[in-house]
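Work through the two exercises below with the sequence and the structure side by side. Try each task before reading its solution.

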Amino acid sequence: MWLAAIQLISGRHWQDNQARIAAELAALPPERPLLALLPENFALFGERQGYLDGAEPLGNGPIQRQLADWAKTHGIWLVAGAMPTTIAGSEHIHTSSLVFAPDGECKGHYHKIHLFDVDVADNHGRYRESETFSPGREPALVDSPFGPLGLSICYDLRFPELYRRLTLAGARVLLVPAAFTAVTGEAHWEPLLRARAIENQCYVVAANQGGTHETGRQTWGHSMVIDPWGRVLACQPSGCATVLARMDAGLIDELKRTMPVMEHARLL
């Protein structure tokens, strides 16, 4: 089984980003099953109004139709890392992850719970996702041939209790689409990802944005696949590219047998 993280440097316009994603998907290896994760803001990476204008209702819209078509055409599990989706009766929107099966059906979705309201020492400076987005309320798990997929988005990575809930519910692969800034990414991206893999004994697939965007924002890249022992199996430091690694489902079972940390936990 293949796990793939697609790294992009997305811009403001869906058509441009669409072409880049199509090229990465066309270059995937032919073996199946294969899971491909897109980063946060894969479709639209811009300013507040762009997200509001480009938001789609869940289950309908040109971006979601394209995602479903790609999943069918390539016979893959395609996870739309995060895209803007509308909220009925609200001026705010969600940032949402959607999971498409090889038949093109959307098998589940997740609305980002933890919003990035932070000041960062970079050329953007002030980040306030809550001015545009409303937080989700529930974790999400989606069944797949890789085992249950635990969904998360970017800033969620700093909140280990989310991943522990996903793991206790049965997750075997944790997905982390992101647009981590260069400053925070250099400091914390890999340590946090490896910790989530180690403490939960799960595979972690992390797809980040990876360069300087037309808005001037800089993202860290270093998309990677990590095994349940915390080993980085593949990593892409910067630029647009896809990282791939094979999943050994038996490794999860072996670790849970030889080091049963979930059974030993006393504060759950």
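The model is predicted, with local features needing pLDDT of at least 70 and side-chain atom pairs counting only at pLDDT 80 or more, while totals for chains, interfaces and linings use all residues. Residues are numbered from 1 along each chain as its sequence is written, and side-chain values use heavy atoms, leaving out hydrogens and water.

**Exercise 1.** Find the order of the strands in the open sheet of six strands, and name its edge strands.

Solution. Strands here are DSSP runs (E, at least two residues), numbered from the N terminus, and two of them pair if DSSP finds at least two bridges between them. Going across the open sheet, the order reads β5-β4-β3-β2-β1-β14, and the pairing is mixed. The edge strands, each pairing on one side only, are β5 (106–111) and β14 (241–246). Inside the sheet, β2 (residues 34–37) runs parallel to β3 (residues 77–86) and is joined to β3 by three bridges, with Ala36 standing opposite Leu78 in β3.

**Exercise 2.** Classify the aromatic pairs that Phe116 forms with Tyr127 and with Tyr155.

Solution. Rings of Phe, Tyr and Trp (its six-membered ring) pair if their centres lie within 6.5 Å, and planes under 30 degrees apart count as stacked, over 60 as edge-to-face and the rest as tilted. For Phe116 and Tyr127 the centres are 5.3 Å apart and the planes stand at 55 degrees, so this pair is tilted. Phe116 and Tyr155, at 5.2 Å centre to centre and 70 degrees between the planes, form an edge-to-face pair. Finally, Phe116, Tyr127, Tyr155 and Phe159 belong to one aromatic cluster.

Terms used:
Helices (H or I, at least four residues) and strands (E, at least two) are DSSP runs, numbered from the N terminus.
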